[in-house]
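Okay, thanks for coming, everyone.

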Amino acid sequence: FLPLCKGFDLNRYQEHVLAHLEDDEERFDTIPPLEPDRRLDRIWRFVTVIFLAHAGRIDIYQEGQTIWVKRIETH
């Protein structure tokens, strides 16, 4: 299991995901990949989205096969 996580940088992925979220909700699939291995990159982006949701920085929900992501407004 550890070799799969060797290149994962949560902070880098968090910055990337947040940089690609506008004020409106976005489909998870519209967030571009960071790594050439698209399958692994999709896993890392999904893990990042879960961490960001847990931290209260974004909202996520699923509608059918689509995952929606939205930045939480700060006041």
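**Core and rings**

Let's start with Leu-18: setting aside residues up to four places away in sequence, Leu-18 touches Leu-52, Arg-57, Ile-58 and Arg-71, where a contact means heavy atoms within 4.5 Å. Quick caveat: this is a predicted model, with local features needing pLDDT of at least 70, side-chain atom pairs counting only at pLDDT 80 or more, and totals for chains, interfaces and linings using all residues. Numbering runs from 1 along each chain as its sequence is written, and side-chain values use heavy atoms, leaving out hydrogens and water.

Leu-18 is also one of 10 residues in the largest nonpolar core, along with others including Phe-28, Val-49 and Ile-67. By nonpolar core I mean buried Ala, Val, Leu, Ile, Met, Phe, Trp, Tyr and Cys residues joined through side-chain atoms within 4.5 Å; buried is under 20% relative accessible area, exposed over 50%, and partly exposed in between, using a 1.4 Å probe and protein chains only.

Now the rings. Which residues do ring pairs link into a cluster? Phe-8, Tyr-13 and Trp-44. Rings of Phe, Tyr and Trp (its six-membered ring) pair if their centres lie within 6.5 Å; planes under 30 degrees apart are stacked, over 60 edge-to-face, and the rest tilted. Phe-8 and Trp-44 make a tilted pair, 5.5 Å centre to centre with 45° between the planes. And is Trp-44 buried or exposed? Buried, at 9% relative accessible area. Tyr-13 and Trp-44 sit edge-to-face, because their planes are at 80°, with centres 5.9 Å apart. Tyr-13 is buried too, at 0%, while Phe-8 is partly exposed at 23%.
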